[in-house]
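Here's a quick tour for anyone meeting this structure for the first time. Have a look at it below, and then we'll walk through it piece by piece.

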Amino acid sequence: MTANDTDMPKLGSGLDAAPVVDHIMTQPGVQKAAGAKLTLFLKRGFLAPELCATIIDRIDAVRRPSTIADSNGDAAYRTSETGDLAPDDPAVIAVERALAAFTGLAPEFGEPLQGQRYAVGQEFKPHTDYFEPGNADYDRYCSVAGNRTWTVMVYLNQPEAGGATRFKAIDRIVQPETGKLLAWNNRRPDQSLNPATLHHGMKVRSGVKYVITKWYRERPWG
Ligand SMILES: O=C(O)CCC(=O)C(=O)O
Ligand SMILES: [Fe+2]
């Protein structure tokens, strides 16, 4: 069994967001954040704690300092560690299947699943997940698969303090909680890039924070 099984809903890249929004709204226990500027969904308890713990072990096995694509020269911008997760790992396949079933997005449009680990004092300063057209590296990151469409993130644990994700445009601060999912459209309904998706992975104040992130593209990845 793989994440590409034919029993999955296939709503493509999510650039056409309306069917994805409709599909996510049918998921039990999903919440839509208030505010028209940004389409953001939350679901508590999306992943079971046991699966979260397994993925944390996998991240710890491969983690390295995070990099940043549109670098602005501020070395403190993203201070976490990143781990690329092996696509053939059964635990990773289980997560991929759950994400595909939840969003309806076609797995081939997704980048490989990534894990992040933040120790005390580490953060990912306010940023958007899409690439800025016109930046020096835009072609390098976007010429094949296009820009990002949707972001799906899951908190794998709950640090003792700090580590919330802040969406300033809608005045919303999401607290990390084991297994809680966040999914948002990086585009407006007309498909233009949405600056209101600006978000800040705030500093961990006590404990450690782990998340996984899945980014989707306009065209198939790889
Ligand atoms: O860790 C967070 O709260 C945010 C992570 C994030 O924004 C990202 O990895 O793009
Ligand atoms: Fe982000």
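## A pair of strands to start with

Val154 has Ile212, in strand 14, as its bridge partner. Strand 7 and strand 14 pair over six bridges, in the antiparallel sense. Strands here are DSSP runs of E, at least two residues, and helices are runs of H or I, at least four, numbered from the N terminus; two strands pair if DSSP finds at least two bridges between them.

This is a predicted model, where local features need pLDDT of at least 70, side-chain atom pairs count only at pLDDT 80 or more, and totals for chains, interfaces and linings use all residues. Residues are numbered from 1 along each chain as its sequence is written, with chains lettered from A and ligands numbered from 1 in the order in which they are written.

Zoom out and you'll find an open sheet of eight strands, ordered 1-2-11-7-14-5-4-3, with antiparallel pairing. Strand 1 (31–32) and strand 3 (64–65) are the edge strands, each pairing on one side only.

## Contacts of Ala183

Beyond its neighbours within four places in sequence, Ala183 is in contact (C-beta atoms, placed from the backbone, within 7 Å) with Ile24, Phe41, Thr103, Trp150 and Val152.

How values were computed. Contact = placed C-beta atoms within 7 Å.
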